[in-house]
Each structure stands twice: as structure tokens, then as C-alpha cells.
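Reader: Could you walk me through how some helices pack in this model?

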Amino acid sequence: MAVEAIAGRSPAAPRIAAPVRLPLTEPAIVRWILTGVALAFLLFFLVLPFVVVFTEALRQGVGVYWDAVVEPDARSAIELTLLTAAIAVPINLVFGVAAAWTITKFEFRGKSLLITLIDLPFSVSPVIAGMVFVLLFGLQGWLGQFLAAYNVRIVFAVPGIVLATLFVTLPFVARELIPLMQQQGAVQEEAARMLRASGWKTFRRVTLPSIKWGLLYGVVLCTGRAIGEFGAVSVISGHISGLTNTMPLHVEILYNDYDFVAAFAVASLLTLLALLTLIGKTALEWRAAIADRAAGPG
């Protein structure tokens, strides 16, 4: 190559070998067995429970099913569940965006600690989280007497349920955005700053469009967890029927009272919400894949 350069000739372009498609090494029988095991697992642990829930819920007819759903305690549980999710999800959305922006766009001391704290709810049992809130805000807790002096109730009340739900759902939005924003880098934001764009305008016009699918995906996962949370809410709610019971807690009470039809009726609503979450997750993945193909390799 050096000789060709000295002689004034451009070096020959290196030959690139054509990609070779390697055949699968597993025999066909192994592939069929593995596929059958996976499908049987999904059928037994996912499809069959769904079928059982709806079969038991409708065992005594649609009228009994409807009565169980519109019964006052059931309505209260449904409303409290949706209210808790409506409060917790937007707060975690704002926190997730702020945390992901801070971690991916800036270098500072304590960055690793912040990432560890975001992941903390994944490693702590929800029951332990509920107990911690009871020890903090309960009447005999660290802040209990202070709150009681101002007639502020957190434990065995809606604020405690919201706090417990916030804790267990805290990582979902942030954890979806952090790797996405790390992959994208800060080049576009720096270019916007050079063009004298304000911070809000940079976020709205540059950052938000590039993270919207990851953001929506995190919101869907956060919503699903907020609606179905049981452990932390069970500890801090006090199980007060008509006041502090969410849908999972109401299902437990009905089942323990041997009211199986009503228990499965309310459980079927949770199942429908889970299916809607799954459909939303799949739709977002599909739209994100289409957006990536439209963007091209550049």
C-alpha cells in the first residue's frame, strides 16, 4: 500500500466478504420441542388464568356480574384505584423525565448514587416499603405526633396509598428514558443552545420528540403497576371498606369472605386493565419500530 501511494496510484479497495448465513445448528426436533414448551408455558400461566377469571366471574350470569361491579364498596375501590394511578403516574412522569435528563446530560458527584436510588424500589419488597411509611407517618411513628397535631392523616388514608404507589412505580419512566437518552447523546441539545434556543424550547422541540415513544412506554408500564399494586398498599391502607380499599385489596376481602363470584368479577376488571396495558405496550413498540425504520440508519 505504501508503494502504491508513492507511485501515485491509489491503493486497491479491500474486498469485503459477502455475509454468510449460517444454518441453525439445532435439529428440527429440538426447535419444535422448545417452541412447544414455550407455548405450553404461556398457555398454562397466562391464557388459562385469564379464561378462569372470566369464566368464574360470569358463572352466575351477567346480572350478578354487574351487581358485583356496581356495588358501593366495589365502586369505591375502582374509583380509589383510578384516582391513585391518576396522581402517581403524572408525578412519576415528571420525575422520570427530570431524572433521566439530569443523569444523561450532566456530570456531577453522586450520579451513581442517584441511579442506585432510582433502582431501589426494584430491590425492596413492597411490603417493607409499606411498613417504612407506617413507621414514618403512623401515630406512633417518627412524624406521627407532629402530623396528628395538625390533623393530617397519611397512614390508613388516601395520601398514604398514593405515597406507597409512588414509591413502587418510581423507576419505570426513568428507567425507560435513561438508556434511550444515553444512546441519543446531547448533540442536538447543544446545537439548539448554539442557536440561542431557550431551555424549555429545546426540550419541547428537540428532546421531547426524540423520547416520546420511550416516555409513553414508561407511562404505560407505570400505569399498569400502579393499578395492580398490592403489597405496599395493603400495609398502609388499613383495609377500610369503602374508604381505603383499592381493587386488589377488595378482591382479597371478597375472596376471604367466600364471595367468589364478586371476587372474580372485580378481578376481571383488573384483568381487562392489564390487557389494555399490554395492548398499549405492544402498540407503542410497533409505532416505535415504524419510526425507527422511517428514520433510517442515519
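Author: Happy to! This is a predicted model, where local features need pLDDT of at least 70, side-chain atom pairs count only at pLDDT 80 or more, and totals for chains, interfaces and linings use all residues. Residues are numbered from 1 along each chain as its sequence is written, and side-chain values use heavy atoms, with hydrogens and water left out.

Reader: Is helix 4 oblique or roughly parallel to helix 11?

Author: Helices here are DSSP runs (H or I, at least four residues), numbered from the N terminus. Helix 4 (residues 72-105) and helix 11 (residues 199-228) pack at about 140°, with axes 9 Å apart. Angles under 35 degrees count as roughly parallel, over 145 as roughly antiparallel, 65 to 115 as roughly perpendicular and the rest as oblique. Therefore the relation of helix 4 to helix 11 is oblique.

Reader: How many charged residues does the contact of helix 4 with helix 11 have?

Author: Contact means heavy atoms within 4.5 Å. Residues making this contact include Thr81, Asn92 and Trp101 of helix 4, and Phe203 and Cys222 of helix 11. Asp, Glu, Lys and Arg count as charged; Ala, Val, Leu, Ile, Met, Phe, Trp, Tyr, Cys and Pro as nonpolar; and the others, Gly among them, as polar. The classes come to 11 nonpolar, four polar and, for charged residues, none.

Reader: Which residues of helix 5 meet helix 4?

Author: Helix 5 (residues 111-123) packs with helix 4 at about 150°, with axes 11 Å apart. That makes the two roughly antiparallel. Phe95, Ala99 and Ile103 in helix 4 meet Lys111, Leu114, Ile115 and Ile118.

Definitions and conventions
Axes fitted to C-alpha atoms, helices over the stretch in contact; angles between N-to-C directions.
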